Amino acid sequence: MPPVTARPFLKWAGGKAQLLDAFAKRAPRELAGGGLPVFVEPFMGGGAVYFHFNSVFRFRECHLFDINEELVLAYSVVKNDVAGLIDCLREISDDFLSQDGAGRREYYYATRDAFNCERETIDFGRYGADWVERAARFIFLNRTCFNGLYRVNSRGGFNVPFGRYGNPRILHEDLLRADAELMRNTTVHLGDFMQSEPYISKETFVYFDPPYRPLNRTSSFTQYAKEGFTDVEQRRLAAFYARCDAAGARLMLSNSDPRNADPDDAFFDNLYSGYHVDRVPAKRMINCDGAKRGAIHEIIVTNYDPHNHRER
């Protein structure tokens with residue numbers, strides 16, 4: 001069998017796997033010649049873009065940031081102790097899959113309760129042995145919860161219900177090992193997107209994947225952290241984008257297109273006026289109403305002409 005290609009080990013709402021071709025077509029030309037040896041992603045999320053670009057271009061260094069503590073913990077464990085993570089996931093998988101339907105449901109909710117109760121005892125700022133079991137539980141919940149969603153309540157507790165899959169694959173051993181190998185050049189940071197600024201220069205390619213601006217009141221993917229991500233945050237991000245542009249970096253940003261719901265909504269066109277804004281087709285993969293899962297557009301904002309830009 002051919003070797004497994006590194007790719008996201010988590011399901012993630014708003015994941016960008018379906019847009020990788022669109023991103024690749026708009027990638028800075030300097031990447032091919034090694035002129036941008038540093039990759040920065042201020043919103044790590046599911047990591048599809050990171051895994052793709054780092055697999056293709058093998059950057060000198062990569063820096064991934066996120067304020068989601070569980071996400072940063074899981075990525076850190078994959079990089080630092082993938083063997084221990086695999087052992088723990090295998091035990092969880094064997095226990096879960098040995099149960100009948102009712103037993104699996106009970107196992108899921110018991111694990112979710114333990115995961116939430118133990119949150120207060122985890123030091124998310126300092127790597128420790130207890131991170132391995134927590135990462136395994138996080139991956140298990142991600143693989144068995146409804147639609148692979150990550151949603152928390154006002155107290156930061158994971159509250160997604162059981163997914164009722166027939167035969168979920170909880171342990172992807174080869175994938176985890178491939179991801180750990182690729183992450184050798186990568187540092188994972190817990191922090192707000194602005195904390196990525198020290199790593200951004202004329203040698204950097206930055207991809208921004210902020211929480212989507214909701215298309216309507218029921219389609220928000222922003223509750224990946226209890227603080228949410230409002231239009232005020234979107235404007236703060238646009239100001240940061242401009243600072244990164246001034247630093248000489250190549251920049252790419254994606255988000256939902258508000259014109260999907262309101263043709264007159266020019267929020268992002270106004271916010272990123274002076275930059276290149278493309279619209280590309282995509283599919284809404286997660287919606288509470290199955291009838292509303294369909295074709296939409298997303299925007300891609302670059303600080304260079306993605307179709308005919310010159311080398312610096």
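Let me start with strand β2, residues 61-66, which runs parallel to β3 and is joined to it by five bridges; please keep in mind throughout that this is a predicted model. One of the pairs to look for is F65, whose bridge partner in β3 is H189.

Stepping back to the whole sheet, you will find seven strands, which form an open sheet of mixed pairing in the order β3-β2-β1-β4-β5-β7-β6. The edges are taken by β3, residues 186-190, and β6, residues 276-283, and because each has a single partner strand, one side of each is left without a neighbour in the sheet. On average, and with direction ignored, neighbouring strands of this sheet are turned by 20 degrees against each other.

Now to the helix that I would like you to look at, α8, which lies across β4, β5 and β7 and runs at about 160 degrees to β5. Helix α8 covers residues 231-246, that is 16 residues, and it reaches 23 Å from its first C-alpha to its last, close to the 22 Å expected at 1.5 Å a residue.

Which residues of α8 are buried? They are Q234, L237, A238, F240, Y241 and C244, and because they cover an arc of only 165 degrees around the axis, they sit on the same side of α8. What covers these buried residues includes β4 (204-208), β5 (250-256), α9 (267-271) and β7 (295-302). The face turned away from the buried side of α8, by contrast, carries the exposed residues V232 and A246.

Finally, α8 is followed by G248, whose phi is positive, near 95 degrees.

Conventions. Residues numbered from 1 in each chain as written. Predicted model: local features only at pLDDT ≥ 70, side-chain atom pairs only at ≥ 80, totals over all residues. Heavy atoms only, no water. Helix = DSSP H or I, 4+ residues; strand = E, 2+ residues; numbered from the N terminus. Expected span 1.5 Å × (residues − 1). Buried < 20%, exposed > 50% of the residue type's maximum accessible area, 1.4 Å probe, protein only. Arc of directions from axis to C-beta. Contact = heavy atoms within 4.5 Å. Pairing = 2+ DSSP bridges. Axes fitted to C-alpha atoms, helices over the stretch in contact; angles between N-to-C directions.
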